[in-house]
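This report describes the annotated domains, the charged pairs, the aromatic contacts and a surface patch of the structure shown below. Each topic is taken in turn under its own heading.

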Amino acid sequence: MVDSARLSLHVPEPAVRPGGQPDFSNVKIAKAGSVPRPGVDVASEDIRDLAYSIIRVLNRDGEAVGPWAGSLSDEELLTGLRNMMKLRAFDARMLMAQRQGKTSFYMQHLGEEAVSCAFRKALKKGDMNFPTYRQAGLLIADDYPMVEMMNQIYSNESDPLHGRQLPIMYSSKEHGFFTISGNLATQYVQAVGWAMASAIKNDSRIAAAWIGDGSTAESDFHSALVFASTYKAPVILNIVNNQWAISTFQGIARGGSGTFAARGLGFGIPALRVDGNDYLAVHAVARWAAERARRNLGPTLIEHVTYRVGAHSTSDDPSAYRPKTESEAWPLGDPVLRLKKHLIVKGVWSEERHVQAEAEITDEVIEAQRQAEAHGTLHAGGKPSVRDIFEGVYAEMPAHIRRQRQKAGY
Amino acid sequence: MARMTMIEAVRSAMDVSMAKDDNVVVFGEDVGYFGGVFRCTQGLQAKYGRTRCFDTPISESGIVGTAIGMAAYGLKPCVEIQFADYMYPAYDQLTQEAARIRYRSNGDFTCPIVVRMPTGGGIFGGQTHSQSPEALFTHVCGLKVIVPSNPYDAKGLLIAAIEDPDPVMFLEPKRLYNGPFDGHHERPVTPWSKHELGEVPDGHYTIPIGKAEVRRVGSAVTVVAYGTMVHVALAAAEDAGIDAEVIDLRSLLPLDLDTIVKSVAKTGRCVVVHEATLTSGFGAEVVALVQEHCFYHLEAPVVRVAGWDTPYPHAQEWDYFPGPGRVGRALAEVMEA
């Protein structure tokens, strides 16, 4: 007979709390260029290691090395740098606009710019993303007008969504960006459905699902994996592991599993981890997964390992739950600075041109902001009509809503 | 004109819709090869192939979530939740996603899905195979909610639902799947094939969503019912010998308020019957609307007859939801007032 011990509950805790020394010793960083690049038709069980390692292309010296290097031209890399800089400048202005009371809420991408900006360039026109609130880079990198994004953030009279959505919850079918939900993980399984539909219709378009590390605990994440696996849907299942789900560290949602990517293995889905702060690596892995999907080889799961440098949202105070200097200690560095260094090393960029580009981009963002604010901000004129409340619930307005609209005086 | 059970009528609706439009796809648990636990989808996979009618993993949220994605792509999914009782894992997808996608994207994306589910009791299904969750959907703006009471309506309404540009919840009263009982639980079920209402056209036709039907014309009292309770209400009116007008709502959202108001204005009395639990049930909405729109016509307080506010019992199901006796007592009560 076994002696019964007193049981105790294990509650995971991050290595460090405010006031402590930042500690990322648990993040095992593979050397740039060291992870192999298998053929796209590889079986998931043959690349188990890729679910535990981290694919990286840029080394400390700013060089692109290894089998995942070389998927982008100099011109494409310069565009990528510019897009990331634009997203960063956009974030800074909109964060300030929120602090000035021009909108109610904002969420920035600081430190994560490479993930969405690089990924978008591996997709084609017509492909569909089912994003979370932190992939505005998908729009920026697809040249969606910043003025439109700002109009949405301000809920002004030109807001394409007529003031109905929380700021940053954009929607653009034309730019392959599915309407964002505040309910977490719902979009993950919807993406799989979209991809299944494309396969049912023998189309060539693919879908990309997006989720944060914390939301992988939602049941829809698991539903999505089982459907994607069962029907071999042409979908790329992205997990953006930015270490923090508001104040909850990634170890809570990850539980006992080695990595988030490893969750794909149980479903027979090829799973890879990529350095999310390495523009070249993200693009190369995204292109690999996109090729798999387009060749009808089924889904791929990608864990983007990154760090949320900013607060979760404008309602969050990260200094309450993590060391203030933790982001500086993040071992994968800053995506903008890393790509900038690479381009300088290649001789196609310089400090001077970078400073000049920053100024140009700032001007561009300020000009967009000026144009957007001419249409109004949340609390200062230029609002959508009250009539818009009642429109668009159904394709055709039913009688009971019409009665309510009339009661409201419209 | 063919004679069909409600199961056959539902199947015929999907068949007609799939033949007419390649974008209509049907899926859910056991609906493919086997044809569904109630056989509503029998033969569709053989006829239309495995990519248009297929089995899914047991994941209601997955079924509805993928349907939403397919609808965003441009398909018209008609999915089955095996029992209405099982739809709760999909509730988030239905109420906060499907219902809102048109609104929140300002029409950039739409969600023309149909979610079919067998609903209600009377087949000894116990607590987890007998629920009537319609009020959980009628509270949600952006959804449409339909409960048919006979094969003709079931087919016409389901085709209309599949062709509708918005998400439709289609609740099929399983007590009526194989034939109309005459409203008396102690009597055997009459198959639709022996019933006048079982006549169903073979081809395509639709019944407009949002239109009620007067099943029995009367002048003394209005009985508002839907689904199985339409038959109970008709039986109660006959048994009680009361000149009751019986309205079959068919569509709960949008609701045909005009037909209700017109009738109550005529009769001055109203009884609302449903088998879902009483508290915050759909009857409360009907009573509130009658009060708002017919107050000066009313000669008696409006009475609700509904399932008890308890979970659905297995052995005592016929004592649980309203039969003609309970409805008859309610009719007598409003007539005496």
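## Annotated domains

The model discussed here is a predicted one. In it, the span of residues 6–44 of chain A is 0% helix and 0% strand, and its end C-alpha atoms lie 41 Å apart.

Chain A carries a further annotation from UniProt, "domain: Dehydrogenase E1 component" (unreviewed entry), which covers residues 83–379. The span of residues 83–379 of chain A is 42% helix and 10% strand, with 30 Å between its end C-alpha atoms. For chain B, UniProt gives "domain: Transketolase-like pyrimidine-binding" (unreviewed entry) at residues 4–179. Residues 4–179 of chain B are 36% helix and 16% strand, and the end C-alpha atoms of this span lie 9 Å apart.

## Salt bridges

Side chains of opposite charge can pair when their charged atoms come close. How many salt bridges are there over all chains? The count comes to 39. One of them is in chain A, where the side chains of Arg338(A) and Asp275(A) meet with an N to O distance of 2.9 Å. Is Arg338(A) buried or exposed? Arg338(A) counts as buried because its relative accessible area is 14%, and buried means under 20%. Asp275(A), at 0% relative accessibility, is also buried.

In chain B, Arg116(B) and Glu80(B) form a salt bridge whose closest N and O atoms are 3.0 Å apart. This pair links distant parts of the chain, with Arg116(B) in strand β5 (residues 114–119) of chain B and Glu80(B) in strand β4 (residues 76–80) of chain B, 36 residues apart. Arg116(B) is buried at a relative accessible area of 1%, and Glu80(B) is buried at 4%. A salt bridge also joins Arg269(B) to Glu299(B), with 3.2 Å between the closest N and O atoms. Here the partners come from loops: Arg269(B) lies in the one between α9 (257–267) and β13 (270–277) of chain B, and Glu299(B) in the one between α10 (282–294) and β14 (303–307) of chain B, 30 residues apart. Arg269(B) is buried, its relative accessible area being 12%. Chain B also holds a network of salt bridges that share partners, made up of Asp153(B), Glu213(B), Arg215(B), Asp248(B) and Arg250(B).

## Aromatic contacts

A pair of aromatic rings is described by the distance of the centres and the angle of the planes. Over all chains, the structure holds 25 aromatic pairs. Among them is the edge-to-face pair of Tyr170(A) and Phe177(A), with 6.3 Å from centre to centre and 65° between the planes. Tyr170(A) is buried at 4% relative accessibility, and Phe177(A) is buried at 1%.

In chain B, Tyr91(B) and Phe137(B) form a tilted pair, with centres 6.2 Å apart and planes at 45°. Tyr91(B) lies in helix α4 (residues 91–98) of chain B and Phe137(B) in helix α6 (residues 134–138) of chain B, so the pair ties together parts that are 46 residues apart in sequence. Tyr91(B) is partly exposed at 26% relative accessibility, whereas Phe137(B) is buried at 0%. Ring pairs also link residues of chains A and B, joining Phe227(A), Tyr231(A), Phe27(B) and Phe54(B) into a cluster.

## Charges over rings

Two arginines are placed over aromatic rings. Arg37(A) lies over the face of Trp68(A), 5.2 Å from the ring centre. The charged end of Arg164(A) sits over the ring of Tyr103(B), at 4.3 Å from its centre.

## A nonpolar surface patch

Which residues make the nonpolar surface patch of about 330 Å²? The patch is made by Leu9(A), Val11(A) and Ile252(A). Leu9(A) is found in the segment before α1 (74–99) of chain A. Leu9(A) counts as exposed because its relative accessible area is 76%, and exposed means over 50%.

How values were computed
Residues are numbered from 1 along each chain as its sequence is written. Chains are lettered from A and ligands numbered from 1 in the order in which they are written. This is a predicted model: local features need pLDDT of at least 70, side-chain atom pairs count only at pLDDT 80 or more; totals for chains, interfaces and linings use all residues. Side-chain values use heavy atoms; hydrogens and water are left out. Patches are made of residues with over 30% relative accessible area and no salt bridge: like charges are joined within 9 Å, nonpolar side chains (Val, Leu, Ile, Met, Phe, Trp, Tyr) within 5 Å. Accessible areas come from the Shrake-Rupley method with a 1.4 Å probe; for residues, only the protein chains shown count as cover. A salt bridge is a side-chain nitrogen of Lys or Arg within 4 Å of a carboxyl oxygen of Asp or Glu. Helices (H or I, at least four residues) and strands (E, at least two) are DSSP runs, numbered from the N terminus. Buried means under 20% relative accessible area, exposed over 50%, partly exposed in between (1.4 Å probe, protein chains only). Rings of Phe, Tyr and Trp (its six-membered ring) pair if their centres lie within 6.5 Å; planes under 30 degrees apart count as stacked, over 60 as edge-to-face and the rest as tilted. A charge sits over a ring if NZ of Lys or CZ of Arg is within 6 Å of the ring centre and within 35 degrees of the ring normal. UniProt positions are given in the numbering used here, feature names are shortened, and annotations may be inferred rather than shown by experiment.
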